[in-house]
Amino acid sequence: MNEKQAPILVVDDEPEMCWIMENIIRRTGFTCRTATSASEAISLTKSNQFGMAFLDAKLPDIDGLDLARKLRKTNAHLPIVIVSGYFYQDDPTIEGVLREGLIAAFVGKPFDHDEIVSVITRHARR
Amino acid sequence: MEDKTLKATGRDLSGRYEQLYAMLLDAIPSSVLLIDQNMCIVSANRNFLEKGRRTLANTIGYRLEEVFPTVILDQMDITKRIHQVIEKNQPAKGERMTYRAPGVPIRIYYYSILPFTWQGQVEGAVLLMDDVTEQVRLSEEVRQVERHLASIVESASDLVLSTDKKGRILTWNAAAERLSGYLAEEAREHHFTDFCTDEDRKDIRNIFSRIDTRKHAQMKECPLRTAKGTSIPVSWVFSPMKDSSNQTLGIVAVGRDLTEQRKLEMELHQSQKFAALGVMAGGIAHEIRNPLTICSSSAQFLMEEDGTPEFRLECVEKIHKGIQRTSAIIENLLKYSHPSTTTRTTLVNLASLIRETMTLVTYHAKILKIEMISSFPKEPVMVQGVATLLQQVFMNLFLNAINAMPDGGRLGIDVKTDRSEVRVQVTDTGCGISPREIGKIFDPFYTTSIVGQGTGLGLSLCYSIVKQHRGTIEAESVEGRGSVFTVTLPARFSGGEP
């Protein structure tokens, strides 16, 4: 395991979801930091460099996509993935932000772990 | 001199009387003929001549059959009757006679024949004829109006009854027979309250006892018990029945069968529910997919072979919890979407009903970042009502409040109760309603929603449901600040009577 590898950020208000993501990410050799709100996530990015971010679409304070825009402002190259049960794969909103380049991928809930693993393999900055 | 004067006075007097009687004869509205024993006309008054379009010259001295149409004389046997009167010196009872003179419309007469005696001898007969055409026509009209009124009452599809002041049935129309299964004769032996359910009797007695002190008709919805043992929903209007001196003689009750209307309302309520579910679908899907993801991922972890026994146990527990959570959401939805087939009221715990409804909208509120704050009294909040309908009232109010806050906000639900009533306030911090619009919000189909996003029936349904539960619903709003909807319902205690 490369000690210098940047950790992956997981933002989901559901602690169980964070537990799942943590377990999958750990298996890929990455480390993980979790936040249950957008504000917590923003403060984490201020003091940490992340290799990737998994965001839930619906967070208690602001929407996942709004959080993505905020993160993008301070970190132009951070790969962002939306993981959500609210949107669906060919949802016009999702298609729009994918085209725009705001997010690197979308994973709908529930998902196969392989899907998360492949997204990490493809997008995480090492 | 004295004698002469007296004689002259006597002559004067008899002359005067003659003139007076002649005048009277001509003035009365009856036709009078004096007929001698040979059936010749001795005298005829002005009325007879005018009615028959005759003159004295072609009447006096003529025989009866020359003056009267033969048809009438034969048909009514007048000649024979006059003979009988003269022979027996006894008047003949009056009878009706129809007489048509040339060129005048048909007239109806009531005639009588009196013997005319002079110095003990029967000299002839007086034929007295009263024109009753107008009276006959009027009484025929009265009968026609009566028949018309009766047929209105009998043909009405509404129940039309009358009772005496105490509520004993006097009349019972065909619709009442058809709907109740009781014939008018059977109903007549009963009191109106015999056809009511036990819980309505007291109210009906109150209405009846105070009916003549009230200015307006009294209205009440109360089911009618039928001969089959079932009951049908009826909306009644009770009015006092007054005589010409404004004394109350009894009560008129007009009732409309609400069965069909209830069925339509039911369908409307059901489609409203589905519309509400549609609005909440996104939130519900999101809410179900979370526990599903936990189950799915835990199962995937279990499939890996290298998990520690503790980790595997954790996964199993999470699957179990996830399924319970999903199942609870589905149960709530099922309960809500299940069509309600009854309009029968029961004792409802309003606090738990409101809590359940809040759970249903939580998913929707959560994704819109709406905080829900509620407060309930410690004691149970009981009302008499139809639970599914009441739930719809609060569902509509909650969803409206949420819709008013697309950028998040606070949804307040405050339940208070005292001995007589329950008050539920639903407060939002949303866009508010303009003073121009607030007067129309309870109107059916009034909506400010974009086409396809609202039916405009939500609040009008709330209004009718709350009214049906003898409650009130009020709205207050400050544009740009938010709205408060207050529903007040009569409180009931589990003990029974309020």
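Helices (H or I, at least four residues) and strands (E, at least two) are DSSP runs, numbered from the N terminus. This is a predicted model: local features need pLDDT of at least 70, side-chain atom pairs count only at pLDDT 80 or more, and totals for chains, interfaces and linings use all residues. Residues are numbered from 1 along each chain as its sequence is written, with chains lettered from A and ligands numbered from 1 in the order in which they are written.

**View 1. The two chains in outline.**
Chain B holds 15 helices and 19 strands. Chain A holds five helices and five strands. Read from the N terminus, the elements of chain A follow the pattern β-α-β-α-β-α-β-α-β-α. A residue is buried if 20 or more other C-beta atoms lie within 10 Å of its own, exposed if 12 or fewer, and partly exposed in between, with C-beta atoms placed from the backbone. On that count, 39% of the 126 residues of chain A are buried. For the 498 residues of chain B, the buried share is 25%. Two residues are in contact if their C-beta atoms, placed from the backbone, lie within 7 Å. In chain A, 63% of the contacts between residues at least 6 apart in sequence join residues at least 24 apart. In chain B, residues 24 or more positions apart supply 57% of the contacts with a separation of 6 or more.

**View 2. Helix 3 of chain A and its buried side.**
Helix 3 of chain A spans residues 64-74. A:G64, A:L65, A:L67, A:A68 and A:L71 are buried there. They lie on the same side of helix 3 of chain A because they cover an arc of only 150° around the axis. The arc is taken over the directions from the helix axis to the C-beta atoms. The buried residues of this helix of chain A pack against strand 1 (8-11), helix 2 (38-47), strand 3 (52-56), strand 4 (80-84) and helix 4 (92-100) of chain A.

**View 3. Where chain B meets chain A.**
Contacts link 15 residues of chain B with 13 residues of chain A. Helix 10 (residues 259-303) of chain B gives the largest share of the side of chain B that touches chain A, 12 residues. That side of chain B divides into five nonpolar, seven polar and three charged residues. Here Ala, Val, Leu, Ile, Met, Phe, Trp, Tyr, Cys and Pro count as nonpolar, Asp, Glu, Lys and Arg as charged, and the others, Gly among them, as polar.

**View 4. Helix 10 against helix 13 in chain B.**
Helix 10 of chain B packs on helix 13 (residues 387-403) of chain B at an angle of about 35°, with the axes 11 Å apart. Axes are lines fitted to C-alpha atoms, for helices over the stretch in contact, and angles run from 0 to 180 degrees between N-to-C directions. The crossing of helix 10 of chain B with helix 13 of chain B is left-handed; the near helix is then turned anticlockwise from the far one by less than a right angle. Helix 10 of chain B contributes B:H269, B:Q272, B:K273, B:A276 and B:V279 to the contact, and helix 13 of chain B contributes B:L389, B:Q392, B:M395 and B:L399. These residues divide into five nonpolar, three polar and one charged.

**View 5. A five-stranded open sheet in chain B.**
Two strands pair if DSSP finds at least two bridges between them. Five strands of chain B form an open sheet in the order 14-16-17-19-18, with mixed pairing. Strand 14 and strand 18 (472-478) of chain B stand at the edges, each with a single partner strand, so one side of each lacks a neighbour in the sheet. From one strand to the next, the twist averages 10°.

**View 6. Strand 16 of chain B and its partners.**
Six bridges join strand 14 (residues 370-375) of chain B to strand 16 (residues 409-417) of chain B in the parallel sense. B:E371 faces B:R410 in strand 16 of chain B. B:M372 has B:L411 as its bridge partner in strand 16 of chain B. Strand 16 of chain B runs antiparallel to strand 17 (residues 421-428) of chain B over seven bridges. B:K416 stands opposite B:R423 in strand 17 of chain B. A hairpin of three residues connects strand 16 of chain B to strand 17 of chain B.

**View 7. B:M219 in strand 8 of chain B.**
B:M219 sits in strand 8 (residues 218-221) of chain B. B:M219 is exposed because 10 other C-beta atoms lie within 10 Å. B:M219 touches B:W236 and B:V237, residues up to four places away in sequence not being counted. B:M219 and B:F238 are 19 residues apart in sequence and 6.2 Å apart in space, C-alpha to C-alpha.
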